[in-house]
Amino acid sequence: MGDDSGTFAAHRRTAGGISFTDVGEGPVTLFVHGVFTNGRLWRNCVRLLSDHRRCVTVDLPGHGHTPPVGEPSVWGLADAVGAVIRELDLRGVHLVGNDTGGAVAQVVLTREPERFASFALTNCDTEGNFPPPAFRPAVWAARAGLLRAGAPLARLPKLAKQLYRTGYQNVSAVPDDVITDYLTPILGNPGGARFMAALLSSMTPGQLAPIRPLLGACEVPTAIVWGTGDIFFHRSWADWLVDLIPGATGVVEVPGARLFFPDERARELVDALEDHWKR
């Protein structure tokens, strides 16, 4: 997992106040991250794909280089992604989501399905598991106003890495500046901490219920690529998505992989995506 900071900085742009990177040429692949990360979660996927695909990685509001703007909810985050898609007039998009970004991607897909050539979900929130039980302590901490107390962690990446041990198999291999980039807009910024607290507080298990009939009618070819070592999103939720989405044909397992495997085990995800796109 090498240094990608220069590549991302050189290709960073803004649309509608939302920061994103746009690297490479070819079919458009749009990546959506979840809470407490940013577009750099996809850095290794971009490295492997950008020689033959156009890779767009969005920083969701309150994350990375995007300020805390808009409604702090899954609907507001989907508005932000939609703003980038519409401003760039992206069509034939291959949409990929992880974690909370998978929930956001589900909303984005159902709003304008005609823009998408394919869909792919890795371990992510779904109706009935939003937020997952293992993440609820973070939600309770946010509601109690404790996020700002973690501000020193944004300046201590080696210590902050302990927060990511459940999401990475080997968090020590993640560059310190990536962890700093993940946390500084949230813990190191009072406005970011307030936005995150409101965002986490907005999550309820039934919040995604309104899009269930739309996903249930979605014929967009869909890949479900799932790490089996994740404590947040068990394999049963991958099966739930396959049962719901007509365009999904099965689950590709990444054995032992945890939540942030799109970064840590990017080659396995890219291989699954390339196979999906070929078919």
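The dialogue below concerns a predicted model.

Student: Which strands stand at the edges of the open sheet?
Tutor: Eight strands form the sheet, with mixed pairing, in the order β1-β2-β4-β3-β5-β6-β7-β8. Each edge strand has a single partner, so one of its sides is left without a neighbour in the sheet. The strands in that position are β1 (12-15) and β8 (248-254).

Student: By what angle are neighbouring strands of this sheet turned against each other on average?
Tutor: The value is an average over neighbouring strands and ignores their direction. It amounts to 25°.

Student: What is the bridge partner of Leu30 in β5?
Tutor: Strand β3 covers residues 28-32 and β5 covers residues 93-99. The two strands run parallel and are joined by four bridges. In β5, the residue bridged to Leu30 is Leu95.

Student: At about what angle does helix α4 run to β5?
Tutor: Helix α3 (residues 74-88) packs on the sheet, touching β1, β2, β3, β4 and β6, and its direction makes about 50° with that of β2. Helix α4 (residues 100-111) lies across β3, β5 and β6. Its angle to β5 is about 145°.

Student: Is the ring pair of Phe135 and Phe232 stacked, tilted or edge-to-face?
Tutor: The structure holds eight aromatic pairs. In this one the ring centres are 6.4 Å apart and the planes stand at 75°. Because planes over 60 degrees apart fall in that class, the pair is edge-to-face.

Student: How many residues apart in sequence are the parts that this pair of Phe135 and Phe232 ties together?
Tutor: Phe135 is buried at 17% relative accessibility, and Phe232 is buried at 12%. Phe135 lies in the loop between β6 and α5, whereas Phe232 lies in the loop between β7 and α10. The parts so joined are 97 residues apart.

Student: Which residues form one aromatic cluster with Phe135 and Phe232?
Tutor: The cluster consists of phenylalanines, including Phe135 and Phe232.

Student: Is Tyr182 buried or exposed?
Tutor: Tyr182 lies in helix α7, and its partner Tyr164 in the loop between α6 and α7. Tyr164 has a relative accessible area of 4% and is buried. The value for Tyr182 is 0%, which places this residue under the 20% limit, so Tyr182 is buried.

Student: Over the ring of which residue does the charged end of Arg53 sit?
Tutor: The charged end lies 3.6 Å from the centre of that ring. The residue is Trp277.

Definitions and conventions:
Residues numbered from 1 in each chain as written. Predicted model: local features only at pLDDT ≥ 70, side-chain atom pairs only at ≥ 80, totals over all residues. Heavy atoms only, no water. Pairing = 2+ DSSP bridges. Axes fitted to C-alpha atoms, helices over the stretch in contact; angles between N-to-C directions. Contact = heavy atoms within 4.5 Å. Phe/Tyr/Trp six-rings, centres within 6.5 Å; stacked < 30°, edge-to-face > 60°. Buried < 20%, exposed > 50% of the residue type's maximum accessible area, 1.4 Å probe, protein only. Lys NZ or Arg CZ within 6 Å of the ring centre and 35° of its normal.
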